[in-house]
Amino acid sequence: MPLKAGRGGNIPPFRVMDVIAAANAHAAARGPQDPQVIRMEVGQPARGAPHGAIAAATAALAGSHPLGYTEAFGLPSLRRRIAGHYGAWYSLDLCADRIAVTTGASGAFPLAFLAAFDQGDRIAMAAPYYPPYVNILTALGMRPVILETGAETRFQPTVAMLEALDPRPEGLIVASPCNPAGTMLHPDELAGLARWCHENGVRLVSDEIYHGLHYDSPIATAAAFSPSAIVVNSFSKYFSMTGWRVGWMVLPADLRRPAERLAQNMFISAPHIAQVAAEAAFDCTEELEARRIGYRRSRDLLLEALPRAGFDRLSAAEGAFYLYADISARHEPSPEFCARMLRELSIAATPGVDFDARHGHGFVRFSYCGGEADMAEAAERLLRWRTDETIAR
Ligand SMILES: Cc1ncc(COP(=O)(O)O)c(C=O)c1O
């Protein structure tokens, strides 16, 4: 008798993970004379958690207090600390009751989507987008609505794009700085979108995971502009704690209890030890700011070198640690182009197809959160490659 399998699992893979596997295989197969593989495919800071976070976790492991479940929304002290962070970074007075600690931003998405939306609801977002938005919504029976964007709106949505939607969507997801383009919604743009959503009964989900990694323009949080927005954030990026799996949400009053009921049933709580480490990470500003300055130097170096290497159509790299390069003029689809770059240059980067089913064949995402020396070496190899390709032609 054939067994039924649920439709929820019938979603595309998160292809970045496949690219990582290909880069691992290439690295494993390389001979002693072959160049080391430079990892520009992954959005994972090269260095791990800051020292203070590791020390706090070590002390918690050695201590007599058992590590167990915490409240579903996290340790009260961590929730207070996160609320305080809104005062420090955004001059926003937030009540700790609105903070929900989650298993990374990834753990926040199903909670947010299930608390805010129903099956069949339409949720808009700009393309290119972070693939799990579409894939999680689809698994939950919700319908992603893709807004076509381009370099002219810095790959970000606008109120005019939303006004043009008929029927109006139930939700909007924004990310600033965003993955893969590294571009931002400037505070007035985010305020405009947040107010429009609130006034039009559209639930805004604002992914602010790359806050802190912004280099030129100021950042703003959607929580400052809309009482109905859900804000998602994480310790994975600025705080460099990907493997600890801890993030948070700022919830609007009406979704606080629904999201808590979901969290209790789906996750019980985020890992206790990760929460202890995360709380300590707020005291590691000096170390984290030094890393941010390093990313900025890598960005500046690549922004100068990549156009000379032939990548002259780059996104406005305002934040996160990504550059989104338009390679459509090369007439080689990005999956093939990336595979060739890995083979010939030992540089791994991510084809745009994961982020934009329609136009992604013409784009490549370079991540620059690796070591600064590696980023400089990548620039050198790409510059040499261009010269070799030109001579070969
Ligand atoms: C835009 C965006 N949101 C969310 C996530 C998920 O982050 P995590 O679950 O590690 O907090 C990522 C990871 O790369 C991301 O780029």
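How close do the axes of helix H2 and helix H9 come, and at what angle do they cross? In this predicted model, local features need pLDDT of at least 70, side-chain atom pairs count only at pLDDT 80 or more, and totals for chains, interfaces and linings use all residues. Residues are numbered from 1 along each chain as its sequence is written.

The axes of H2 (residues 51-62) and H9 (residues 272-281) come within 7 Å and cross at roughly 140°. Axes are lines fitted to C-alpha atoms, for helices over the stretch in contact, and angles run from 0 to 180 degrees between N-to-C directions. The two helices are therefore oblique to each other (under 35 degrees is roughly parallel, over 145 roughly antiparallel, 65 to 115 roughly perpendicular, the rest oblique). Helix H2 contributes Gly52, Ala53, Ile54, Ala56, Ala57, Ala60 and Leu61 to the contact, and H9 contributes Ile273, Val276, Ala277, Ala278, Ala280 and Ala281 (contact: C-beta atoms, placed from the backbone, within 7 Å).

Strand S8 (residues 247-250) pairs with two strands. Strand S2 (residues 99-102) pairs with S8 in the antiparallel sense over 4 bridges, where pairing requires at least two DSSP bridges. Val101 has Trp248 of S8 as its bridge partner. Strand S7 (residues 230-234) is also antiparallel to S8, over 4 bridges. Here Val231 is bridged to Val250.

In a regular strand, side chains alternate between the two faces of the sheet. In S8, Gly247 and Met249 point one way, Trp248 and Val250 the other, and all are buried (20 or more other C-beta atoms within 10 Å of the residue's own, with C-beta atoms placed from the backbone).

Note on methods
A residue is buried if 20 or more other C-beta atoms lie within 10 Å of its own, exposed if 12 or fewer, and partly exposed in between; C-beta atoms are placed from the backbone. Two residues are in contact if their C-beta atoms, placed from the backbone, lie within 7 Å.
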